[in-house]
Amino acid sequence: MTDSTGTLGRGLKVRHLTMMGLGSAIGAGLFLGTGVGIATAGPAVLVSYLLAGIIVVFVMRMLGEMGAAIPASGSFSHYARIGIGDWAGFVMGWLYWFMLIMVLGAEITGAAGIVSGWLPGVPQWVVALVFVIFFAAVNLAKVSNFGEFEFWFAAIKVTVIIGFLVIGVLLVFGLLPNTEPVGTTNLFGHGGFMPEGFAGVAAGLLVVAFAFGGIEIVTIAAAESEDPERSIAVAVRSVVWRISVFYLGSISIMVLVLPWDSSDLKSGPFVAVLNQAHIPYVAGFMELVVVVALLSAFNANIYGTSRMAYSLSRRGDGPAFMARISNSGVPLNAVLLSVFFGFVSVLLNWWLPDDLLGLLLNAVGSALLVIWIFIVVSHLKLRPRLEREGKLTVRMWLFPWLSYLTLAMLGGFVVLMLFDSDARTQLISTCVLFLVIAALGVLNTRRRRRSRAV
C-alpha cells in the first residue's frame, strides 16, 4: 500500500551518510582505473589526482553549504531550480538520473562478469538477475535497514584500503620480510617524476577526474537523516578528507613501490603492489573486493536514482506515480523504476555480454562535469540569499573567490577535453543529451504554467 502524500523515512544516521558517500566514490574506478592514470601521466598522476581532488573538495563544500541550509532529497537539482530556474532543476535532476542509470548497468555488468568467471556453468545474465532481485529487496526495505546494509558493505572496502595503505607503508620502508626500502627510485627514475610532461598530467586529469563521482549522494540522503542540517555538515566534512586520504595515499604507494611503466600496474594496481609483499591468494581476494565495490555502488545508486526521481515528481517534473510513498517511508514506484532499468541491463547482459560495459560507460560521457558546473552556479546565486536568511551552518571558504576559481578550473577542464579525441566525443554526446533534456524542461515549464493558469 502506498500513500501519495506521505513523507520519506528518517532513519539514516551520520555514519550511514558517511559510508554511503565513501561507498559510492570508492568503486572500480579506484581499484582498477588508477592503473590507467599512472600509465598515462607516470608518478605525476599524483598532481592530476590532487587537482581533481581540490575541485571535488570545493564543489562538495558548496553543496554541503546548500544542503545543510536546505535539506532536500533532490539536492543539487532542487538548488538549481530555486537558484537558476525551473528548467535548470529539471535538467540537473534528469541528467543525474540518466547518468546513474547508465552507471547501474555498468556496475552490474562488471560484477556479474567477475562472478560468472568463478561459476563457469552459470550464465552471466543469471548472476546479474540474482543481484538485481536482491538489491531490489534491500532498497524496498525501510531506509534505516538500507543504510545499515550499505554501511557494512562500504566498510569492507574501506577496511581493505586501510590494510593496503598499512602494507604499502611497510613495503616502502622495507619493514616486511625479504623486502628492502624502495627510496625514491621509482618516483624519480624511469624518466623522472613527470615523464610525459605537463601534457601527461593533463591527460591524467581526464582519466582520474570522474573517479570521485558518487560522493554527492551524501546530500541526497541527508533528507532522510534524523537531523538533516547537522548530519550533512558532519558527513560532508568526513567524506571529503577520507576520500582524499584514500585516493592520494593509495596512488602514492603504487608509484613508490613499482615503476610507473610496469605492465602489472596497468592490469591491476592493488594486486601488483600486494604481490610485492608476497601475500598468497591476493589476486582472488582483490577480485572479491572489486565485486563488493561494484555491488555497494550499485546499491547506493539505486537509492540515488529513486530519490532523485521521487523529488522531481514531487515538484511536477516527473510522473506523479513516482512520488508515492510506501508505508515504510520508501518511494516505492521510484525504486521499482530504477530496478526495472536494472532488469533492462540484465537483458543487455544476455544480448551483448562482451561489449556492454564499454558501451554504457561511454554513454555516461561527461555528465558529472555539467552537474558540478551547475552546483557552483547555483551556489553563487543562492549564497547571498541564505546569508540574509541566517541559514548558513556550513560556509564555503573565501566566498566568492574560491567559488569563481572552481568554476574557472571546471572551465579549464572542458578546454582540456576539447583537445582529446575520446574526451571530445564524450563532451559532444553529453552536450546533445543536455540540449534534449533542456528542451524537455522548457516544454515542461510551459505545461505547468498553462495548467496553473487554468
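Which residues does Ile 26 touch, not counting residues up to four places away in sequence? Ile 26 touches Phe 31, Lys 157, Val 158, Ile 161, Ile 243, Phe 246, Tyr 247 and Ala 293, where contact means heavy atoms within 4.5 Å.

A word on the model before going on. This is a predicted model, in which local features need pLDDT of at least 70 and side-chain atom pairs count only at pLDDT 80 or more, while totals for chains, interfaces and linings use all residues. Residues are numbered from 1 along each chain as its sequence is written, and side-chain values use heavy atoms, with hydrogens and water left out.

**The core**

Ile 26 also belongs to the largest nonpolar core, which holds 157 residues. Such a core is a set of buried Ala, Val, Leu, Ile, Met, Phe, Trp, Tyr and Cys residues joined through side-chain atoms within 4.5 Å; buried means under 20% relative accessible area, exposed means over 50%, and partly exposed lies in between (1.4 Å probe, protein chains only). The members that touch the most others are Ile 26, Phe 31, Phe 76, Met 92, Ile 243, Met 286 and Tyr 303. Helix 6 (residues 86–118) supplies the largest share of this core, 19 residues. Helices here are DSSP runs (H or I, at least four residues), numbered from the N terminus.

**A helix pair**

Now to helix 8 (residues 143–172) and helix 14 (residues 269–276), whose axes come within 10 Å and cross at roughly 50 degrees. That makes helix 8 oblique to helix 14; angles under 35 degrees count as roughly parallel, over 145 as roughly antiparallel, 65 to 115 as roughly perpendicular and the rest as oblique. From helix 8, Phe 164, Ile 167 and Leu 171 meet Phe 270, Val 273, Leu 274 and Gln 276 of helix 14. By class, this contact has 6 nonpolar residues, 1 polar residue and no charged ones.

Tyr 281 and Leu 398 are worth a look on your screen. Tyr 281 is found in the loop between helix 14 and helix 15 (282–314), and Leu 398 in the loop between helix 18 and helix 19.

The peptide bond from Phe 399 to Pro 400 is cis, with omega near 0 degrees.

Definitions and conventions
Axes fitted to C-alpha atoms, helices over the stretch in contact; angles between N-to-C directions. Helix = DSSP H or I, 4+ residues; strand = E, 2+ residues; numbered from the N terminus. Nonpolar A, V, L, I, M, F, W, Y, C, P; charged D, E, K, R; others polar.
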